[in-house]
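Here's a quick tour of a protein model, one piece at a time. Keep the 3D view open as you read.

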Amino acid sequence: MCGIIGVFGSPEASRMAALGMFAEQHRGQESCGMAVSDGKLIRLHKSMGLVKEVFSDECLAQLPGYIAIGHVRYPTKGTATRFNSQPHLVETLFGPSYALASNGDLVNYAEMRSKLEAENVYFNSDNDGELLVKYIAWQLAQGQGIIDAIRLLMGEVKGAYSSVFSTRDELYMFRDPLSIRPMVWGKTADGTVVVASESCALDTLDAVQRSEVPPAGIIRINCEGITVIENDPNLYRSQRSNRYCVFEQIYFSRPDSHHFGENVFEVRQKIGAALAEGDSGLAADCVIPVPDSSNFIALGYAEARDIPLSLGLIRNHYIGRTFIKPEQTIRDESVRQKFNALPNFFTGKNVVLVDDSIVRGTTIRKIVKMIKNAGAAEIHLRVGSPQVCHSCHYGIDTPTREELVANRFSLEEIRERTGVDSLRHLDITGLRKCVESPADYCYACFDGDYPLEET
Ligand code: SF4
């Protein structure tokens with residue numbers, strides 16, 4: 001998972017992009033980068049680390065221009081190195097000419113890379129974003145215009161890509177036909193165009209008049225204005241319905257974001273209420289969220305059952321999200337440092353503990369142990385999503401089926417191993433009722449029904 005940002009038309013483009021990336025920091029914490037054009041030259045700066053570490057005031061002052069694209073990276077495919085961080089910049093005979101940042105994974109990366117390598121296109125990374133920009137540059141070198149190059153790209157690559165592409169004087173945004181990852185754009189009061197993965201970044205930049213980038217949409221922004229490019233519908237006939245990632249609503253996006261036509265916090269509250277439906281006979285003293293992504297699910301549950309919501313677990317906000325650390329050893333260490341139970345709070349209490357999902361099962365086991373050690377009498381674990389049984393091919397870090405606890409143990413075994421008195425997940429029928437247009441979502445990590453297979 002990653003976050004992208006694009007800004008066109010502000011002399012403060014690099015500062016705006018940095019603020020937008022900061023708002024999207026939850027989408028990736030391994031590395032970040034920005035490419036900024038002043039109309040003559042595209043300058044690139046990227047590094048491992050957080051936005052506030054990589055982009056100081058002094059650094060941003062070295063990135064003048066009115067067009068900026070930025071990226072925060074969470075590695076799914078490819079190693080956590082600067083080479084794989086984005087944006088990717090292509091140099092031509094005329095110097096740095098094109099830059100691209102993208103969110104999502106391609107399912108036919110290997111096939112497309114072989115094809116380009118056979119055409120003497122060389123790669124410095126194994127990152128999807130580099131493939132996208134090199135494909136466009138390769139088509140431009142064949143004499144195609146930019147719009148046609150992007151159309152040809154979209155006709156060949158398959159998978160999730162919410163992308164921003166910059167030339168020296170234009171900004172383009174384009175999105176895969178299934179719209180798997182979110183992508184919104186808007187305008188500020190002074191006419192600056194901003195595009196982002198999540199609307200919370202647009203809020204930070206005071207961008208209004210918002211729209212989602214449409215499925216298979218291409219939008220060009222230059223000094224003459226904004227052009228929404230019509231795409232050939234036949235080109236995408238086989239991929240022509242939406243498959244928004246439902247995990248964005250459950251876990252990944254910020255609750256103050258609005259995408260796929262819905263407020264994320266409201267979807268989460270509905271999930272909590274749906275979970276509560278099956279628990280009418282369960283006596284409990286309090287509902288405890290695993291902060292922060294489960295907060296609104298727990299709120300929905302607590303309101304539906306009229307049980308107090310208590311913030312019994314305290315999260316250290318200066319540690320990254322455990323789910324998005326790439327190595328298991330780092331992840332385990334992070335759990336111990338990340339949460340703490342309130343002292344003298346849990347003694348003798350019957351607790352409903354609410355989590356958004358169980359992937360590997362390591363985090364929740366440690367949290368349950370912590371709450372037990374704090375004196376809880378009973379712990380009933382409620383999970384706001386079905387069991388994760390399949391890997392994601394489109395940009396969330398569930399790399400192998402073997403790592404998923406749901407594939408290694410029965411539900412009862414997971415309950416025992418977790419150490420809770422009862423365990424229940426929201427089932428897929430219940431989840432589908434929590435979103436406005438259930439047919440437009442991908443649920444493949446729960447049911448294995450992939451909209452696109454890896455090739
Ligand atoms: Fe989202 Fe799961 Fe589909 Fe991946 S497989 S896009 S995580 S719903």
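Let's zoom in on one pair of residues to start: Arg220 sits opposite Thr227 in strand E13. Keep in mind that this is a predicted model.

- Strand E12 (residues 218–222) and E13 run antiparallel, and five bridges join them.
- Zooming out, you'll find an open sheet of six strands, ordered E5-E6-E7-E8-E12-E13, with antiparallel pairing.
- At the edges are strand E5 (88–92) and strand E13 (225–229), each of which pairs on one side only.
- On average, neighbouring strands here are turned by 15 degrees against each other, ignoring direction.
- As background, strands in a sheet pair through backbone hydrogen bonds, and they can do that in a parallel or antiparallel way.

**Helices on the sheet**
- Helix H5 (residues 128–141) lies across E5, strand E6 (95–103), strand E7 (162–166) and strand E8 (171–175), and runs at about 135 degrees to E6.
- Helix H6 (residues 146–156) also packs on the sheet, where it touches E7, E8, E12 and E13. The direction of H6 makes about 20 degrees with that of E8.

**Where two helices meet**
- Helix H4 (residues 109–118) packs against H5 at an angle of about 40 degrees, and their axes are 11 Å apart.
- That angle is why H4 and H5 count as oblique to each other.
- Their crossing is left-handed.
- H4 brings Tyr109, Met112, Arg113, Lys115 and Leu116 to the contact, while H5 brings Asp128, Leu131, Tyr135 and Trp138.
- Sorted by type, the residues of this H4–H5 contact are six nonpolar, three charged and no polar.

Notes
Residues numbered from 1 in each chain as written. Predicted model: local features only at pLDDT ≥ 70, side-chain atom pairs only at ≥ 80, totals over all residues. Heavy atoms only, no water. Pairing = 2+ DSSP bridges. Helix = DSSP H or I, 4+ residues; strand = E, 2+ residues; numbered from the N terminus. Axes fitted to C-alpha atoms, helices over the stretch in contact; angles between N-to-C directions. Contact = heavy atoms within 4.5 Å. Parallel < 35°, antiparallel > 145°, perpendicular 65-115°, else oblique. Left-handed = near helix turned anticlockwise from the far one by under 90°. Nonpolar A, V, L, I, M, F, W, Y, C, P; charged D, E, K, R; others polar.
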